[in-house]
Amino acid sequence: MKHLKISAIFVSAAFAASLAAAQQAAPAPAAAPAPAEAPVSAKDKPDRSYSADYAGQKANLSLVDKTSKSENPVTLKSAEGKELVFSDAAGGELSVAKNTKAYRFRVKADKKLLTAAREAANDSNWDAAADYMRPVVYPLAPLAVLSDDVFAEGNAMIEFFLSSLSNAGRLKEASAYVGLLPIQDASDSICGAALGIARSLAARGQTGEAEKIVDRIRLNSASPEVLSQVMEVLDQMRNAGDYKRCVLLYSKLSSLKDNPAKKQAALWGVFCDMAMGNELSARGTLSSIEMDRSVPEFSLLQMVNGMLKEKGDKPDVKGALELYSEGVVFGSLTDPWMPELLYKTAMAYKKIKNFVASNEIFAQLETLYPDNPFAALGKKEVVAIKKDNPENSADDGEGDEEE
């Protein structure tokens, strides 16, 4: 699943509810408001943390009692502890539990800014969209602890802002803004948006920053959806070569009783151990894993087993090829490890000099996964075959092998 790289059409649909609510909550103007002024050279603004710029601003909201349907304007005063403290128009205070189900909150935002942000997103002008949204969403950060049922509009605005930052390539600001969000207690939607930023950071090689975000997720109480998104972040961290950080996180994920991806996490932990040269540890862990062919992770298991076959003083390439091939047969094209498994299968064929088979798989990689890094690696491994090349003749026992 791809996160945060959202099309303008999708952004418009998701953001429309927030805009409509803000328009409904705002008093009708005496005259048609002038359109919001476009940000001045938004794309030229530095990618940095803007947290200090908005540190003193408090969120203005409408508090809606779900029972009485009464609606009152409030301003966030404090977000410490288990309660949110608001001040009302009369100067009084109201404390609301962060896990409340009795109220809903509407954001009192400048609708001109929201409209301008949406239009900028529809034009794929993500710098401008982020610029318009900053004064709206920075004061909302402490409120992201509220559930989507209670704070749907605000959470949607925060997600939209993080999407805009990601699409604009402003990952420094996005990382700093995620640092303001109480993601350890936040809804799945906010956790997912934060992990989307972690994934983008890891894809750029900023694995340490990505790890900081993952570490703030309460893994032992996270939903299967959030755990799946954590695995996607680790995919990027692992592809970036940060096996040391990955192996620790995989260990945590594989120990979670209710994690549907615990077997996959354990196998990737073995993979990382091997990548770091801890072959003995990898073999010990792998020997305790039993899996039926019907299990989706069986394909990954065979890839890891094949990698072990290629290790040691006497690499067994043919034995590894058999395991890789079995993994391909019992795997699925949608498995996140399939591009790497196909690459390793092709490389094994290449090592035994069956270039016809290796070239064919490299070509399949490029066709099936054109944007995957293993497709690019495979393209470099293609061998130009000459008809008179004895290494590819029918008399060559190894070169004659087929998958």
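A polar contact here is a pair of N or O atoms within 3.5 Å; within protein, one must be able to donate a hydrogen and the other to accept it, and residues adjacent in sequence count only if both atoms are side-chain atoms. By that rule, the side chains of Arg106 and Glu71 are joined by a polar contact of 3.1 Å. Keep in mind that this is a predicted model, where local features need pLDDT of at least 70, side-chain atom pairs count only at pLDDT 80 or more, and totals for chains, interfaces and linings use all residues. Residues are numbered from 1 along each chain as its sequence is written, and side-chain values use heavy atoms, with hydrogens and water left out.

**Arg106**
- Arg106 counts as buried at 17% relative accessibility (buried is under 20% relative accessible area, with a 1.4 Å probe and protein chains only).
- Beyond its neighbours within four places in sequence, Arg106 is in contact (heavy atoms within 4.5 Å) with Asn60, Leu61, Ser62, Val64, Glu71 and Glu153.

**Glu310**
- Glu310 is buried too, with a relative accessible area of 19%.
- A polar contact of 2.6 Å ties the side chain of Glu310 to that of Tyr324.
- C-alpha to C-alpha, Glu310 sits 9.3 Å from Leu321, and the two are 11 residues apart in sequence.

**Where α8 meets α10**
- On the α8 side, Met231, Asp235 and Arg238 meet Gln264, Ala265, Trp268, Phe271 and Cys272 of α10 (helices are DSSP runs of H or I, at least four residues, numbered from the N terminus).

Technical notes: Buried means under 20% relative accessible area, exposed over 50%, partly exposed in between (1.4 Å probe, protein chains only). Helices (H or I, at least four residues) and strands (E, at least two) are DSSP runs, numbered from the N terminus.
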